[in-house]
Structures are given as C-alpha cells and as structure tokens.
Amino acid sequence: MEVKLISNEKDNPMESREFIKISIGDVKGEYFVLNYDLLEKTKALTEKHYISLWNYSEKMIPWDTVPEETFLLESDDVRGSIVLTPKQGISVDEYVVGYSSASIKETIENNICAMAIISPTKKFSEVALEHSLYLELNMVLKNQVSIKCNGLEGYVPYKTLNWLALWEGRRVGAKENILNIARNELNRSSGSVTFKGCNLIRGKYYTIGYFMDGWNEEVTKRKMGSLAASLTFYICD
C-alpha cells in the first residue's frame, strides 16, 4: 500500500512523528531548569510522571543503577518547565536526566523515554545533549503494519510493560476505540514491532501510540497515561 506520513502541524503536512522532548533551559550553581514538551492530552501530574537524576559521566542512562534523586512533575500542562535542585548542588562535570511517562513506583524501574546530558562546567554550546524515543513506519500492508521503535541507547523494552496501539484517525484515541495492539518485547533498544490482523482501508488516516507502562490483557484495565510517542499516516486511494 502507498502511504503518506501526516503531521499535526498545518505548515508541514509530510512530517508525522510526535514524541516527548526535554531540554535544559538554564544552569546555575545550585539548580538547573528542565523544559519538557509532552504529547497532547498527557497529564504528567495526574499520572505521576517523574524525572530521574544521576551523577554520571557516560553518554547514556545508567539503566541498572537506582537514580540518586527523582522529581515528580508539578503540572498537567503538556508544555512547561521544572526546577531541579540536586541535594548536593551542582558540583560534578556531568549529570544524566531521564524523563519517565510511566507512573512512579516504590521500586524505580528506569522506564525512561527521554534524556538529557548536562555538562555544567562546559561552555553553553556543550551544556546538553538530548535524545527521545520515537517511531518510524517500516511497512504497511492491508492486514499488517510494521513499526520501528527507536528507544534510548541501552533500553530493554521487554523488561517493562511497553505496548503500542493503533487507531483510525489523526490522533491517539480512547482505549475502547483501539483497532489493534502489539507488545514491544524486544531485548534491544531499537527494532521492529508488527501489528497483525489489521483491516486497513485506503483513503483513511491511522495513528499509532507508544506506551511505556499500563499493559493488561484485559482491555478495560489498560492504562494510557504513559504515552511517549505517536505516528500518524495516511493510506492513499
């Protein structure tokens, strides 16, 4: 099938991806400001999204290490900022910050979908490096869709409850309107996930949402507050 990638941006109809983004807004001696840009209808405060912080010199999340500090989001706004104040102040060469759209649990799982590396002792152009989980369209057939999931380096999706859902339309919809689902059970950070048994129709828009948490075999018990990325495409007539 011939497909087009569709954006929610009116001025650029050929781009399709949306995903959680974080960036460093300011760095001071005792704190730094983290800016975040979430997906539509995301409620970070209600769903208990959180930010993890590590003193770490490598350019990736230390996945097997408990964060030194965690910070809960303070608002349900999809765009905003939060001041992060490490207990020891900013005194090391580099920090790694991770954003989790999964609800915080008593045992931190490092279920991270976006990250920033901060080097407060370097010049501003080297202050931060940001990465986010995002989706790409591999292949669309009448009865299946293949998606490439690009996670953060070192992330292993099968250890957590990552899952994807497919809707007709240009937006992530309600769980009762899901057309198809797929689990991301990859043992590596990036790879393909396939929706099987689809019945896709030409001349229709479809949207795929990626969730970091909340999977349940029972449809009514699935939680959708951990949306981390989406992809919209159109099947040409």
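User: How many residues lie between E3 and E4 in their hairpin?

Analyst: This is a predicted model, in which local features need pLDDT of at least 70, side-chain atom pairs count only at pLDDT 80 or more, and totals for chains, interfaces and linings use all residues. Residues are numbered from 1 along each chain as its sequence is written, and side-chain values use heavy atoms, with hydrogens and water left out. Strands (E, at least two residues) are DSSP runs, numbered from the N terminus. Between E3 and E4, the hairpin has four residues.

User: Which residue is the bridge partner of Lys 21 in E4?

Analyst: Two strands pair if DSSP finds at least two bridges between them. E3 and E4 run antiparallel and are joined by six bridges. In E4, the partner of Lys 21 is Asp 37.

User: Why is one side of E3 and of E7 left without a neighbour in the sheet?

Analyst: The open sheet has three strands in the order E3-E4-E7, paired antiparallel. Strand E3 (21-27) and strand E7 (79-84) stand at its edges, so one side of each has no neighbour; the reason is that each has a single partner strand.

User: What is the bridge partner of Asn 150 in E15?

Analyst: Strand E12 spans residues 144-150 and runs antiparallel to E15, with seven bridges joining them. The partner of Asn 150 is Ser 190.

User: Which residues do ring pairs link into a cluster?

Analyst: Rings of Phe, Tyr and Trp (its six-membered ring) pair if their centres lie within 6.5 Å. By this rule there are eight aromatic pairs. The cluster links Trp 163, Trp 167, Phe 211 and Trp 215.

User: Over which ring does the charged end of Arg 222 sit?

Analyst: A charge sits over a ring if NZ of Lys or CZ of Arg is within 6 Å of the ring centre and within 35 degrees of the ring normal. The charged end of Lys 21 sits over Phe 19, 4.7 Å from the ring centre. For Arg 222 the distance is 6.0 Å, and the ring is that of Trp 163.

User: How much space lies in the largest cavity?

Analyst: On a 1 Å grid over the protein atoms alone, a cavity is a set of points where a 1.4 Å probe fits but cannot get out, and lining residues have an atom within 4 Å of a point. The count is one cavity of 30 Å³ or more. The lining of the largest cavity includes Tyr 50, Lys 105 and Glu 109. Its space is about 40 Å³.

User: Which strand gives the largest share of the lining of the second largest pocket?

Analyst: A pocket is an open set with protein on both sides within 12 Å along at least five of seven lines. The second largest pocket has a volume of about 340 Å³ and is lined by 21 residues. Strand E16 (205-211) and strand E17 (227-235) each give two or more residues to this lining. The largest share, three residues, comes from E17.

Conventions: Phe/Tyr/Trp six-rings, centres within 6.5 Å; stacked < 30°, edge-to-face > 60°. Points joined across faces, edges and corners; volume = space filled by probe spheres on them.
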